[in-house]
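Colleague: I would like to learn how to read a few features of a model. Please give the general idea each time, then the case at hand.

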Amino acid sequence: MKVLIAAGGTGGHIYPALALADALMKRNSENEVLFWGSKGRMESRVIPEQGYRFYGAEMSGMNAGIRAKIASALSLIKAKKKAGEVLQKEKPDIVVGFGNYISVPLVQMAHKMGIPVLLQEQNSYAGKANRFLSGIADGIAVSYASNIEQMPKARDRIRVTGNPESSLAADAAYDPELIRSYGLDPMKPFAVFMMGSLGSSSVSKVIDEAIPLMDHSYQILVAAGKANDYVYQTKNTDRIAIVPYIDGKKMLKGCQLAVVRAGATTLAELTAIGTAAVLIPSPYVPNNHQYYNAMELVKGNAAVMIEEKDLSAEKLADTVNGLMKDPDRMKQMRENARRMGRTDAAEVICDWMEELVNG
C-alpha cells in the first residue's frame, strides 16, 4: 500500500503523522509512505530526518483582511496544481490528512481524482481544515467523541480511534538511571514539569517562583524548553533538576505527577501511559483548543486544570503539594487516564486505511 500523508504546521500534527507512518512500515515493510507539507516549516526538516520522502508546497493561511484572503486563495490554486502533479506522479492508494491548511489542496485534489481520503483529528475541538474537508473525506478518525458533534454531516464516516502517538507512548520504557543522570534519586518520587519542546517563558516564571513553596518530600524535574528565553533563578540541588530537554514519554512513565500543557499529543501520551497530571492549557492556540482538550481529562477525573490566567506560584505549589501528598487520589487519576487512552490507535487506523483501499 502506498500512502501519501499531509501533515504540517506544528508537532501536534507532525508527530502523530510520523507515528502512523512508523506503524504502517512496522506492519508491512513493503508499504511505502511519503509526505506532503509546507516548504520551510518544521515538517520540511523533521520528516526527512526520519527517512521519509517529502514534498514541500507553499501556501498562506486564511488570515483576516481582504488582501490576506486574496493571497490565500491564489496560493491555494497554485498548491492544488502542485498537489495534482504529485498525485499523478506518485499514484498513492490513499491520502491521509492530519489537519493544518497545507492539507487542503492535497485532499481536495485526491478526492477529485478518486483517491480514497482519510482525515485524522488530534484535538477535542476539530481544526478548521478538517472541518472544512470533512464533507469530501471517505473516513474521519477522531480522538474524542466530542468531535462527532462538530462534523454532523459526516457522522456516518467518523470513528473514534484515538491519536496514533498513543501507540508509541504505550511502548515507551522508563529507565530509573535517567533520573540519576539528572542528579536525582531514582528511589524517590518526583513531579515533572514540561511546557512543550520549546518551553513557555510566562509559565516558567511561575514554576520558578513556586519551587521554593513545594514540599521536600518529593523531587522536582523541570524541562525548561529549547527556545525558552526565561532564565531560572532556582539552582539545581539533590532534589531539583532544571534541564533544557527530556524524553517526555519516558518521564511521563516514571513520574508520580506531570505538570504539562494540554496539546493533543501530550494528552494522547498521558492517557496511553496513565499519568496523573496538572494541565495548564496554552491560551495562544487556535480556537483555544488546548482548554477543550484539558476539559476532556478533567471531566474524566484524570487531571486537574489551571488556566494560565488563574496561574500563580501559590496556586501551582498548593495544587502540586496537595496531589503529591494524596497517593490515593493520584492512583485514581492514573487509572482514569489509562481508561481514556487508546493504545492501539495507530493499528486501528491502519486497519481502516486498508479497508478503504480494498473497498
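Colleague: With which residue does Asp215 form a salt bridge, and how far apart are the closest N and O atoms?

Modeller: Before that, some ground rules: this is a predicted model, in which local features need pLDDT of at least 70, side-chain atom pairs count only at pLDDT 80 or more, and totals for chains, interfaces and linings use all residues. Residues are numbered from 1 along each chain as its sequence is written, and side-chain values use heavy atoms, with hydrogens and water left out.
In general, side chains of opposite charge can pair when their charged atoms come close. The rule here asks for a side-chain nitrogen of Lys or Arg within 4 Å of a carboxyl oxygen of Asp or Glu. Asp215 pairs in this way with Lys325, and their closest N and O atoms are 3.2 Å apart. Asp215 sits in the loop between helix H9 (201–210) and strand E9 (219–223), and Lys325 in the loop between helix H13 (313–324) and helix H14 (327–340), so the bridge ties together parts 110 residues apart in sequence. Helices (H or I, at least four residues) and strands (E, at least two) are DSSP runs, numbered from the N terminus.

Colleague: Are Asp215 and Lys325 buried or exposed?

Modeller: The classes are buried under 20% relative accessible area, exposed over 50%, and partly exposed in between (1.4 Å probe, protein chains only). Asp215 is partly exposed because its relative accessible area is 24%, while Lys325, with 54%, is exposed.

Colleague: How many salt bridges does the rule give?

Modeller: The count comes to 19. One of them joins Glu32 to Arg53, with 2.9 Å between the closest N and O atoms. That pair links distant parts of the chain, Glu32 being in strand E2 (residues 32–38) and Arg53 in strand E3 (residues 53–57), 21 residues apart. Glu32 is partly exposed at 34% relative accessibility, and Arg53 is partly exposed at 38%. Another bridge runs from Asp344 to Arg342, where the closest N and O atoms are 3.5 Å apart. Salt bridges that share partners also join Lys2, Glu32, Arg53 and Glu90 into one network.

Colleague: What is the strand order in the open sheet of seven strands?

Modeller: Strands of a sheet pair through backbone hydrogen bonds, either parallel or antiparallel. Two strands count as paired if DSSP finds at least two bridges between them. Here the order is E3-E2-E1-E4-E5-E6-E7, with parallel pairing. E3 and strand E7 (158–160) are the edge strands, each pairing on one side only. From one strand to the next, the twist averages 20 degrees. Strand E1 (residues 2–6) runs parallel to E2 and is joined to it by five bridges; the partner of Ala6 in E2 is Trp36.

Colleague: Which residues does Ala272 touch, leaving aside its neighbours within four places in sequence?

Modeller: Contact means heavy atoms within 4.5 Å. On that basis Ala272 is in contact with Ser166, Ala169, Ala170, Gly341 and Thr343. Ala272 lies in helix H11 (residues 264–273) and counts as buried because its relative accessibility is 8%.

Colleague: And where does Ile70 lie?

Modeller: Ile70 is in helix H3 (residues 66–90). At 47% relative accessibility, Ile70 counts as partly exposed.

Note on methods: Axes are lines fitted to C-alpha atoms, for helices over the stretch in contact, and angles run from 0 to 180 degrees between N-to-C directions.
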